[in-house]
Amino acid sequence: MSFWGVIKKVAAFLALVMLLNTVFAAITVSALPAHSELQKTQEELKLSESEIQELLLFIQEHSTSIEEAIQTDNNLKLKMEEYDEYSKEFALILAFADIANSQTSTISHLSDPSIQSEISPAIWPIVWAVVAAIVKAAVKKKMGKKIQQQLGDRFDREVWPQIEPGIKAQYERYGYTRNKGPELPSAPNGINQGEQIISLFGQDGTEYLRLDVFTSQSRNHTRWHYHTKDDWPDHKGNIDLYHNSLPKWGSE
């Protein structure tokens, strides 16, 4: 190959490298949160930049479960609409922060000192608001649309206020990393037809809570309860609802 041919090939290669660097730089910049939103959110919540980044990461990691929660929680939808000038991730942070601020009890950190947390203490209340929304979304998924018409509002009014403090206490003790919901592909409607609704897993990766619902043989009586790892056989909560006979769980 001639000298000029080599020069042309080298020049073409360098031009390609510069083009790729420009493209990847653009992608990287677009993936970062807008500085103005970050700053405004910091000022609104009185949190550090690293704590906001932790919340963004948590929301991204649990985006599927959070999206399901948005679809089933009108309060969360309305809260997000209050922050419609923000991108979705920042709107979610602010919406969950509002929900956390409306709660009467406060959460600061893990109560079990033997478990190490990767979450900053300042954002634990906001993370709990996310976890609570995920739990309630799993309940609605277990129900399906037909049972939601019968029991959805009753669960929100009569069951959740009574079992939330106990579930929150377990969260305070163990934290949260993931959940296992009621989905079961081999079951009718793709939903577990037994008692299981959702299991929560803590910072150490182990299951620490199961939310269940007992259904009578006639299906006109349900008992909502939960189990904890300190005594799995024990039924906690035990809130009874009496109603018309229910179809299969997950019926649409």
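Two strands are taken to pair if DSSP finds at least two bridges between them. In this predicted model, strand S1 (178–180) and strand S2 (residues 196–201) meet that condition, being joined in the antiparallel sense over three bridges. Within this pairing, Lys180 has Ser199 in S2 as its bridge partner.

The pairing of S1 with S2 is part of an open sheet of five strands, arranged in the order S1-S2-S3-S4-S5 with antiparallel pairing. From one strand to the next, the twist averages 20 degrees. In general, the strands of a sheet pair through backbone hydrogen bonds, in either a parallel or an antiparallel arrangement.

On one side, S3 is joined to S2 by five bridges, and the two strands run antiparallel. In this pairing, Gln196 is placed opposite Asp212 in S3. The hairpin of S2 and S3 has five residues between the strands, and Gly205 in this hairpin takes a positive phi near 85 degrees.

S3 also pairs with strand S4 (residues 221–228), again in the antiparallel sense, over seven bridges. Here Arg210 is found opposite His227 in S4. The hairpin of S3 and S4 likewise has five residues between the strands. In this hairpin a positive phi, near 65 degrees, is taken by Arg219.

Apart from the sheet, a contact between two helices was examined. Helix H4 (residues 63–72) packs against helix H6 (residues 88–101) at an angle of about 65 degrees, and the axes of the two helices are 13 Å apart. The crossing of H4 past H6 is left-handed. On the H4 side, the contact involves Ile66, Glu67 and Ile70, which meet Lys88, Leu92 and Phe96 in H6. By residue class, this contact of H4 with H6 comprises four nonpolar and two charged residues, with no polar ones.

Conventions:
Residues are numbered from 1 along each chain as its sequence is written. This is a predicted model: local features need pLDDT of at least 70, side-chain atom pairs count only at pLDDT 80 or more; totals for chains, interfaces and linings use all residues. Side-chain values use heavy atoms; hydrogens and water are left out. Axes are lines fitted to C-alpha atoms, for helices over the stretch in contact, and angles run from 0 to 180 degrees between N-to-C directions. Helices (H or I, at least four residues) and strands (E, at least two) are DSSP runs, numbered from the N terminus. A crossing is left-handed if the near helix is turned anticlockwise from the far one by less than a right angle, and right-handed if clockwise. Contact means heavy atoms within 4.5 Å. Ala, Val, Leu, Ile, Met, Phe, Trp, Tyr, Cys and Pro count as nonpolar, Asp, Glu, Lys and Arg as charged, and the others, Gly among them, as polar.
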